[in-house]
Amino acid sequence: MPYTIRTFRHTIMLTGSELLAKVKELGDSSKSALVRECGYVSTKKDGTERLNFTAFYEALLEAKGLSLGNDGAGRGKGGRKLSYVATVQGNGNLLVGKAYTAMLDLEPGDEFEIKLGRKQIKLIPAGTAEEDDTAAAA
């Protein structure tokens with residue numbers, strides 16, 4: 001009875017136009033088959049294969065012109081792009097995340113004056129010129 005011996009060979013991970021062409025060629029193949037055929041496979045210590053889905057999808061996005069960027073500007077933890085939107089929580093708190101405070105080099109204990117306007121909230125660092133100007137106008 002014939003049988004197939006399967007070996008894991010070191011393959012080059014496709015990128016750019018080669019990756020896009022291969023994905024198009026494979027068409028309706030399974031996700032695992034796409035990742036495997038495009039070379040995003042490594043071998044574990046026990047000899048089994050590991051499919052590197054994350055690296056594959058990052059390369060695919062890059063090939064389609066969507067740069068994930070490594071500079072970190074405008075990105076929060078985990079590389080997610082910042083939305084610049086805050087939502088009032090169930091307890092009434094309005095949370096400004098660490099990614100935003102880090103961009104402004106804010107430290108624990110920094111104080112802000114809260115200015116309420118029509119449907120807006122302004123946070124003005126305590127002791128700044130803008131705060132002094134508003135106090136003088138009052």
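Reader: How many helices and strands does the protein have?
Author: The protein has five helices and four strands. This is a predicted model.

Reader: What pattern does the protein follow along the sequence?
Author: Read along the sequence, the pattern is α-α-β-β-α-α-β-β-α.

Reader: And what share of the residues counts as buried?
Author: Of the 138 residues, 14% count as buried. The accessible surface comes to about 11,500 Å², and 54% of that surface belongs to carbon and sulfur atoms.

Reader: What about contacts in the protein, what share comes from residues 24 or more positions apart?
Author: Such residues account for 23% of the contacts with a separation of 6 or more.

Reader: Switching to aromatics. How many aromatic pairs does a search of the whole structure find?
Author: The search finds four aromatic pairs. One of them joins Tyr-40 and Phe-56, with 5.7 Å centre to centre and 70 degrees between the planes. That pair is edge-to-face.

Reader: Where do Tyr-40 and Phe-56 sit?
Author: Tyr-40 is in the loop between helix H2 (31-37) and strand E1 (41-43), while Phe-56 is in helix H3 (residues 53-63). The two are 16 residues apart, and the pair links distant parts of the chain.

Reader: Is Tyr-40 buried or exposed?
Author: Tyr-40 has a relative accessible area of 3%. The cut-off for buried is under 20%, so Tyr-40 is buried.

Reader: Why does 65 degrees make the Phe-56 and Tyr-57 pair edge-to-face?
Author: Because planes over 60 degrees apart count as edge-to-face, and the planes of Phe-56 and Tyr-57 are at 65 degrees.

Reader: Where is Tyr-57, and how accessible is it?
Author: Tyr-57 is in helix H3. Its relative accessibility is 34%, so Tyr-57 counts as partly exposed.

Reader: How far apart are Tyr-57 and Tyr-40?
Author: They are 17 residues apart in sequence. In space, Tyr-57 and Tyr-40 are 9.8 Å apart, C-alpha to C-alpha.

Reader: Which residues form the aromatic cluster?
Author: Tyr-40, Phe-53, Phe-56 and Tyr-57 form one aromatic cluster.

Reader: Which residues does Asn-52 touch, not counting those up to four places away in sequence?
Author: Asn-52 touches Val-35, Tyr-40, Val-41 and Ser-42.

Reader: Where is Asn-52 found, and is it buried or exposed?
Author: Asn-52 is found in the loop between strand E2 (49-51) and H3. Asn-52 is buried, with a relative accessible area of 14%.

Reader: New topic, pockets. What is the volume of the largest pocket?
Author: The largest pocket has a volume of about 680 Å³.

Reader: How many residues line the largest pocket, and which lie nearest its centre?
Author: The largest pocket is lined by 18 residues. Ala-86, Leu-95, Val-96, Gly-97 and Leu-123 lie nearest its centre.

Reader: Which elements each supply at least two residues of that lining?
Author: Helix H4 (98-103), strand E3 (112-117) and strand E4 (120-125) each do. The largest share, three residues, comes from E4.

Reader: How do the lining residues divide into nonpolar, polar and charged?
Author: The lining of the largest pocket has 13 nonpolar residues, five polar and no charged.

Reader: Where is Tyr-84, and is it buried or exposed?
Author: Tyr-84 is found in the loop between H3 and H4. Tyr-84 is exposed, with a relative accessible area of 53%.

Reader: And Asp-105, what is its phi?
Author: Phi of Asp-105 is near 55 degrees, a positive value in a residue other than glycine. Asp-105 lies in the loop between H4 and E3 and counts as exposed, at 62% relative accessibility.

Reader: Last one: where does Val-85 lie?
Author: Val-85 lies in the loop between H3 and H4. Val-85 is exposed, with a relative accessible area of 60%. Val-85 and Val-96 are eleven residues apart in sequence and 9.0 Å apart in space, C-alpha to C-alpha.

Methods. Residues numbered from 1 in each chain as written. Predicted model: local features only at pLDDT ≥ 70, side-chain atom pairs only at ≥ 80, totals over all residues. Heavy atoms only, no water. Phe/Tyr/Trp six-rings, centres within 6.5 Å; stacked < 30°, edge-to-face > 60°. Buried < 20%, exposed > 50% of the residue type's maximum accessible area, 1.4 Å probe, protein only. Contact = heavy atoms within 4.5 Å. Areas by Shrake-Rupley, 256 points an atom, 1.4 Å probe, with all protein chains shown as cover. 1 Å grid on protein atoms, 1.4 Å probe; cavity = no way out; pocket = protein on both sides within 12 Å on 5 of 7 lines; lining within 4 Å. Points joined across faces, edges and corners; volume = space filled by probe spheres on them. Nonpolar A, V, L, I, M, F, W, Y, C, P; charged D, E, K, R; others polar.
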